[in-house]
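Work through these exercises with the model open beside you. Try each task before you read its solution.

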Amino acid sequence: MPQVYQSSSGDGEPGQTRFLAVTGPGTMFEGTEGQSFTSVRDGTSMTGVVVEAAPDQSVPWTKPDDLDIANDEALQMLLSSAENGLQVLFVDGSVKPVRPAIGLESLRNLFTIADGNVVEIE
């Protein structure tokens with residue numbers, strides 16, 4: 001597995017990645033084609049695209065087993081396992097921490113590209 005797909009914390013099993021693309025309706029990875037930067041009307045610096053999950057939520061780096069925004073259980077598990085916050089990659093390429101108290105609806109809004117519900121995380 002290329003080094004870039006490994007967590008900086010070094011935990012996790014070999015060949016597993018903790019970096020999950022967020023998929024589903026209204027996200028950058030909606031459908032098979034994905035979205036263009038011009039589709040991100042909520043702002044590229046305010047819209048998340050990838051999240052670092054807990055070690056026990058890692059997936060094989062070659063398997064398209066990402067985080068579905070419509071799956072409440074997966075989102076809740078992500079939040080509950082992030083006691084120090086989530087590391088989120090934003091569309092503009094920045095990485096910012098997101099506090100676990102953000103809640104499901106705001107987390108969903110954070111990953112939605114054009115819903116008009118911009119989430120302030122800082």
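**Exercise 1.** Which residues in α1 meet which residues in α2?

Solution. First, the ground rules. This is a predicted model, where local features need pLDDT of at least 70, side-chain atom pairs count only at pLDDT 80 or more, and totals for chains, interfaces and linings use all residues. Residues are numbered from 1 along each chain as its sequence is written, and side-chain values use heavy atoms, with hydrogens and water left out.

Step 1. Locate the helices: α1 spans residues 72-80 and α2 spans residues 104-111. Helices are DSSP runs of H or I with at least four residues, strands are runs of E with at least two, and both are numbered from the N terminus.

Step 2. List the contacts (heavy atoms within 4.5 Å). From α1 come Asp-72, Leu-75, Gln-76, Leu-78 and Leu-79; from α2 come Leu-104, Leu-107 and Arg-108.

Step 3. Check the geometry. The helices pack at an angle of about 100°, with axes 10 Å apart. That makes α1 roughly perpendicular to α2. Axes are lines fitted to C-alpha atoms over the stretch in contact, and angles run from 0 to 180 degrees between N-to-C directions; 65 to 115 degrees counts as roughly perpendicular.

**Exercise 2.** Find which residues of α2 are buried, and what covers them.

Solution. Step 1. Apply the cut-offs: buried is under 20% relative accessible area, exposed over 50%, partly exposed in between (1.4 Å probe, protein chains only).

Step 1. Leu-107, Arg-108, Asn-109, Leu-110 and Phe-111 are buried.

Step 2. Their cover includes α1 and the strands β2 (19-23), β3 (48-52), β6 (86-90) and β7 (95-98).

**Exercise 3.** Trace the salt bridges of Arg-108.

Solution. Step 1. A salt bridge needs a side-chain nitrogen of Lys or Arg within 4 Å of a carboxyl oxygen of Asp or Glu.

Step 1. Arg-108 pairs with Asp-72, the closest N and O atoms being 2.1 Å apart. Asp-72 lies in α1 and Arg-108 in α2, so this pair ties together parts 36 residues apart in sequence.

Step 2. Arg-108 also meets Glu-105, at 3.9 Å, N to O. Both lie in α2, three residues apart, about one turn of the helix. The shared partners join Asp-72, Glu-105 and Arg-108 into one network.

Step 3. Arg-108 is buried at 17%, Asp-72 is partly exposed at 41%, and Glu-105 is exposed at 52%.

**Exercise 4.** Which residue forms a salt bridge with Arg-18?

Solution. Step 1. The partner is Glu-52, at 3.8 Å, N to O.

Step 1. Arg-18 sits in the loop between β1 and β2, Glu-52 in strand β3, 34 residues apart.

Step 2. Arg-18 counts as buried at 11% relative accessibility, and Glu-52 counts as buried at 14%.

Technical notes: Angles under 35 degrees count as roughly parallel, over 145 as roughly antiparallel, 65 to 115 as roughly perpendicular and the rest as oblique.
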